[in-house]
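Please look over the sequence and the structure before reading on.

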Number of protein chains: 2
Amino acid sequence: MSLLVVGTTALDSIKTPYAENPRLLGGSASHAAVAASFFAKPHLVGAVGEDFPRKYINLYRKHGLCLDGLEHLPGQTFHWSGEYEINMNNRRTLDTVLGVIENFSPTLTPIQARLPYVLLANCAPDLQANVLDQMRRPRFVVADTMDLWLNIALPSVLRLIKRIDCLVLNDSEAAQLVEEDNVIAGLPRLHRLGPKYVIVKKGEHGAILSGPRGLFVAPAYPLKKVVDPTGAGDSFVGGLMGYLASQKGSIDKNLRAAIIHGTVTASFCCEDFGLKKTTKIKTTDLTKRVRELHKIAGW
Amino acid sequence: MSLLVVGTTALDSIKTPYAENPRLLGGSASHAAVAASFFAKPHLVGAVGEDFPRKYINLYRKHGLCLDGLEHLPGQTFHWSGEYEINMNNRRTLDTVLGVIENFSPTLTPIQARLPYVLLANCAPDLQANVLDQMRRPRFVVADTMDLWLNIALPSVLRLIKRIDCLVLNDSEAAQLVEEDNVIAGLPRLHRLGPKYVIVKKGEHGAILSGPRGLFVAPAYPLKKVVDPTGAGDSFVGGLMGYLASQKGSIDKNLRAAIIHGTVTASFCCEDFGLKKTTKIKTTDLTKRVRELHKIAGW
């Protein structure tokens, strides 16, 4: 099965206490679509500028992404520069150049508009809504968001999440959105904003799914070393949606396993800068780690 | 089967943003022994002063604790006063009166010295060592500790943990002890200090076991409301050891389930002040919540 992934296609310059990596392939849609590609065929919707390296287009193609929705526009590619502290939980943005993403307004082809699975990866909520407006009866729509949009575009976020099936956000963003520090206590309030399913990401502590079948407390894959967590959340939701799109049966039946596949995809993302590790692995590496996690978390 | 529990038997005065509760029954041995009592017979080793209320002795008896090792000494009972902030993850000690615990040096009876399971609940490492010195070939020795002892009695802690089977501590204490923020990366260093098994408690994020069979990533029981987390760690290790003492077969075989039983016992502890909730539940409440957690965490 195929899925549509809209989000940012970016160049990331990432500093950590140990290294500096300029102009890596990054952006929520890049991470999510590559993650999804291990399980299903992602149709990428995004925009890049004249400075976007040819080698990154080749990398997209190597992963089988459909690039009909990737627009090449005059100007600069979206560029994010950030710096991580030693414990990797704190990061700060050094610089952001919106570039071509600022006025990007995609028009979907009829094929794209009929894709059954829709991942509105992290980007401006009005861009997410613009794409959702064009979809014809999608089977399952997931949106990811971040604190930036809660801070500067809350009304747009609230309008969007009324219309989606599943909201994905991290624990501090969930706390901010419903003004409740206890994740479990905040879940009913998140559902009242619209989505049938809510997934709260807790980084190294795993994730929590809330839906019609109740709660699912998912473990994270235990990593000895986190080199660069940029894009881990995008890889998580990409792996999750790719897996879902690849499975028969109901969403309810497959969602727990999808979260585990997303978790494992995200674990590889953290092991090197940008997409360096994720673009080196195979689907068998993911399924091996899923089996391992099953052993580690069972009793 | 029976187990020995040594630790503090205290009066706790606990403030939270919502309430104030003076002179509750508290202390690591009280929490741990009551938690263990749902599964096995705990022999309590501790000391109380002349101010220790009769009703708390009755509560111990109601839970079937053997009190032959509870000394009644002239002077005050150990008294801890603390205050929690709104998110319950930060607490500060307002006052500590050591009282009779300061010079407490127990002499075990021959029956106590032959108990197969030994829980050195959180207290001064020299007191833990004193009890361990008197044990005759115990089957399984677990020690819990806290940052206070790492700060003021590190050499004693290091001497003790060379001699135990399993060390239990929380994530920030593990990071402090081996100077490594990544819990997973720190585990081999913790094993090199002596213990075959290491359990790192992560509060609302569950716990991690490391041992000869590899890792076990255990979920926490999801709670909507935490009223008072005091004693949750002691309840965890008490439930764990009580369950282990009640089971046939190898430690390796039973330890994962023991951690889950400890987790669930701790979840009840958090739902009211001190031991108020834990002393109201039955073993069936615990097994029901274990089954529930199994559903919540499986895939």
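## Helix packing and the chain interface

In chain A, helix α1 (residues 28-36) and helix α9 (residues 232-246) have axes that come within 7 Å and cross at roughly 40 degrees. Helices here are DSSP runs (H or I, at least four residues), numbered from the N terminus. Axes are lines fitted to C-alpha atoms over the stretch in contact, and angles run from 0 to 180 degrees between N-to-C directions.

From α1(A), the contact (heavy atoms within 4.5 Å) uses A:Ser28, A:His31, A:Ala32, A:Ala35 and A:Ala36. From α9(A) come A:Asp234, A:Ser235, A:Gly238, A:Gly239 and A:Gly242. By class, the contact of α1(A) with α9(A) has 3 nonpolar, 6 polar and 1 charged residues. Ala, Val, Leu, Ile, Met, Phe, Trp, Tyr, Cys and Pro count as nonpolar; Asp, Glu, Lys and Arg as charged; the others, Gly among them, as polar.

This is a predicted model: local features need pLDDT of at least 70, side-chain atom pairs count only at pLDDT 80 or more, and totals for chains, interfaces and linings use all residues. Residues are numbered from 1 along each chain as its sequence is written, chains are lettered from A in the order in which they are written, and side-chain values use heavy atoms, without hydrogens and water.

| Helix pair | Angle | Axis distance |
|---|---|---|
| α4 (residues 125-134) and α6 (residues 154-161), chain A | about 30 degrees | 9 Å |
| α4 (residues 125-134) and α6 (residues 154-161), chain B | about 30 degrees | 9 Å |

The chain A angle makes α4(A) roughly parallel to α6(A), a term for angles under 35 degrees. Their crossing is left-handed. The residues of this contact of α4(A) with α6(A) divide into 5 nonpolar, 2 polar and 2 charged. Among them, A:Leu132 lies in α4(A) and A:Arg159 in α6(A).

In chain B, α4(B) and α6(B) are therefore roughly parallel to each other. The crossing of α4(B) and α6(B) is left-handed.

How much area do chain B and chain A bury between them? About 2,400 Å², 63% of it on carbon and sulfur atoms. Buried area is the accessible area (1.4 Å probe) that two parts lose on being put together, summed over both. The contact takes 26 residues from chain B and 26 residues from chain A. Across this interface the rule finds 0 salt bridges, each being a side-chain nitrogen of Lys or Arg within 4 Å of a carboxyl oxygen of Asp or Glu.

Technical notes:
Helix = DSSP H or I, 4+ residues; strand = E, 2+ residues; numbered from the N terminus. Parallel < 35°, antiparallel > 145°, perpendicular 65-115°, else oblique. Left-handed = near helix turned anticlockwise from the far one by under 90°.
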